[in-house]
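Reader: Hi! I'm new to this one, could you walk me through it?
Author: Happy to, let's look at it together.

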Amino acid sequence: MKLTCKVEVVNRLHSNLNIKSNGKYIKSTLAVGKEPKGETEYFLLHFSTANKSGTKYRVKFIKQVFVKFINEGKITIRFEDPPHDLCVQCEVVQLKCFLNILKSCITGKAKDVKVSNLSSISVTAIDNAPTKLVIRSRADFTTKGFPRTLETLHIVGIGLCNFRREILSLILLTVLDLSNNEIEKIPYEFARMPNLRELYLANNALGKPDVVDWRWLLGPKITTTLKLLDLCGNKLKLIPNDIWKLRSLVTLKLDNNLIHQLPASLARLRALRYLTLSRNSLESLPCSLFQCSFEDLDLSMNKFDDSISTATNIDYSQWDLCVGSLVHISAKVILKHNMFYTRKTIPWTLVDMLDNAKMCICGRPVLNDIYLYKRINFADKFKGTSLIKNSFTSEINFECYFCSPKCLLKLNR
Ligand SMILES: [Zn+2]
């Protein structure tokens with residue numbers, strides 16, 4: 001069996017001399033083999049792009065195999081002679097198979113397993129398992145399915161209507177591009193993709209059935225890794241309130257949808273720097289956006305100017321904000337300190353309340369639903385943003401929420 005993986009070779013002599021390894025994992029192939037005549041002497045071969053003829057290690061010189069992180073696809077094989085540590089990174093299932101074979105060679109039970117002769121082991125182009133695949137027509141699909149080693153997958157412009165479930169098994173995937181298809185739904189299991197950083201779903205049909213199930217985007221894994229989300233050119237009318245869970249998100253593209261209101265929770269995306277919302281139906285913006293540090297913000301071609309006459313305010317007095325309930329007060333503390341909560345630790349009604357929290361003009365969390373529309377000069381509030389694209393007059397309506405009577409008075413002054 002050959003294992004396509006990434007390997008860093010650490011020479012322990014070097015570390016004794018305080019020479020640091022470069023920490024670079026090199027694309028490699030590992031194989032177990034034996035001498036044609038020798039029945040019991042096994043070898044571990046390490047091929048890499050830099051070392052095509054391979055390095056031969058005697059299996060009997062393996063001092064220890066560190067498997068603490070095997071479920072993350074990492075092991076270290078320590079040799080007595082030469083004093084090398086092979087740090088291996090690989091897809092978990094394949095790594096476990098390989099380790100089983102290695103184990104049977106170490107324990108001498110390799111008779112049940114087929115181990116090739118050394119002379120027949122060499123690295124061919126096929127062993128360099130592909131990490132990138134581009135599919136531009138349906139003929140590009142193979143019956144074998146996608147290679148498990150893929151890190152980048154583009155399936156672009158082929159009129160795909162259904163999400164291909166085999167993508168869910170590509171656990172090494174970091175970039176997925178499904179632009180220019182006709183996908184309406186993504187299965188909720190997608191949220192478990194462990195390494196996805198960039199997701200392109202531009203020009204699909206998401207949001208076509210009115211109620212969108214967003215579980216695919218807001219699950220436990222994807223929310224920690226996703227940095228770029230492109231949802232341009234879909235049929236989305238609303239963005240979910242709990243979009244803030246995508247805590248690594250830097251770029252969010254929502255151009256050319258049917259969005260008429262943004263959730264105030266958007267400002268809880270602390271890492272967000274690039275937000276594009278051109279060609280939507282926005283009439284106002286949540287005041288929480290003042291708290292964001294955007295590099296780019298595109299708001300062109302919306303309906304901000306149409307809203308001048310339509311937005312009406314109820315006349316709130318500061319007394320409406322004076323006394324908060326005990327639940328609201330404690331919720332504010334949870335939000336202020338960014339405490340972790342899930343449906344497993346507190347009742348779901350409280351989770352919903354916390355997820356739907358707004359933000360005051362001062363940046364503090366707000367739990368009540370009292371808001372006023374206020375025309376505010378846009379450019380004043382986004383001075384740090386280097387590129388603002390808009391096609392409206394300088395003042396637009398902001399939905400302003402208030403944490404205290406003081407903040408209400410400040411705005412009405
Ligand atoms: Zn406030």
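Author: What follows is a short chat about this predicted model.

Reader: Great. How many helices and strands are in the chain?
Author: The chain has 7 helices and 22 strands. Of its 413 residues, 29% count as buried.

Reader: Let's zoom in on a helix. What about the span of H2?
Author: Helix H2 covers residues 92-107, and at 1.5 Å a residue its 16 residues should span 22 Å. The end C-alpha atoms of H2 are 22 Å apart, which agrees.

Reader: Which residues of H2 are buried?
Author: Those are Leu-95, Phe-98, Leu-102 and Cys-105. Looking down the axis of H2, its buried residues fall within an arc of 80°, so they line one face of the helix.

Reader: Why would residues a few places apart point the same way?
Author: An α-helix has 3.6 residues a turn, so residues three or four places apart point the same way.

Reader: Nice. Which residues are exposed on the other side of H2?
Author: Val-93, Cys-97, Asn-100 and Thr-107 are exposed there.

Reader: What covers the buried residues of H2?
Author: The cover includes S1, strand S2 (26-34), strand S3 (42-48) and strand S6 (74-79). Just after H2, by the way, Gly-108 takes a positive phi of about 80°.

Reader: Tell me about S3, then. Is it largely enclosed or left open?
Author: Of the 7 residues of S3, 5 are buried, so it is largely enclosed by the rest of the structure. S2 and S3 run antiparallel, joined by 7 bridges, and Ser-28 has Ser-48 in S3 as its bridge partner.

Reader: How does S3 pair with S4?
Author: S3 and strand S4 (residues 55-58) pair in the antiparallel sense over 4 bridges. Phe-43 stands opposite Arg-58 in S4. The hairpin of S3 and S4 has 6 residues between the strands, and Gly-54 takes a positive phi near 90° there.

Reader: Switching to S1: is Glu-8 buried, exposed or partly exposed?
Author: Glu-8, in strand S1 (residues 2-11), counts as partly exposed because it has 17 C-beta neighbours inside 10 Å. Being buried would take 20 or more. The C-alpha atoms of Glu-8 and Tyr-25 are 4.6 Å apart, although 17 residues separate the two along the chain.

Reader: I also spotted a sheet with S16 in it. What is the strand order?
Author: The order is S16-S22-S20, an open sheet of 3 strands with mixed pairing. Strands S16 (284-286) and S20 (371-377) stand at the edges with a single partner strand each, so one side of each is left without a neighbour in the sheet. Neighbouring strands of this sheet are turned by 35° against each other on average, direction ignored.

Reader: How many bridges join S16 to S22?
Author: There are 3, and S16 and S22 (residues 395-401) run parallel. Ser-284 has Asn-397 in S22 as its bridge partner.

Reader: Last one: which residues touch the most other members of the largest nonpolar core?
Author: They are Cys-360, Val-366, Cys-400, Tyr-401 and Phe-402, in a core of 63 residues. Strand S10 (152-155), strand S12 (198-200), S20, S22 and helix H7 (405-412) each supply at least two residues of this core. The largest share, 4 residues, comes from S22.

Reader: Thanks, that helps!

Terms used:
Residues are numbered from 1 along each chain as its sequence is written. This is a predicted model: local features need pLDDT of at least 70, side-chain atom pairs count only at pLDDT 80 or more; totals for chains, interfaces and linings use all residues. A residue is buried if 20 or more other C-beta atoms lie within 10 Å of its own, exposed if 12 or fewer, and partly exposed in between; C-beta atoms are placed from the backbone. Two strands pair if DSSP finds at least two bridges between them. Axes are lines fitted to C-alpha atoms, for helices over the stretch in contact, and angles run from 0 to 180 degrees between N-to-C directions. The expected span of a helix is 1.5 Å times one less than its number of residues. The arc is that of the directions from the helix axis to the C-beta atoms. Two residues are in contact if their C-beta atoms, placed from the backbone, lie within 7 Å. A nonpolar core is a set of buried Ala, Val, Leu, Ile, Met, Phe, Trp, Tyr and Cys residues joined through C-beta atoms within 7 Å.
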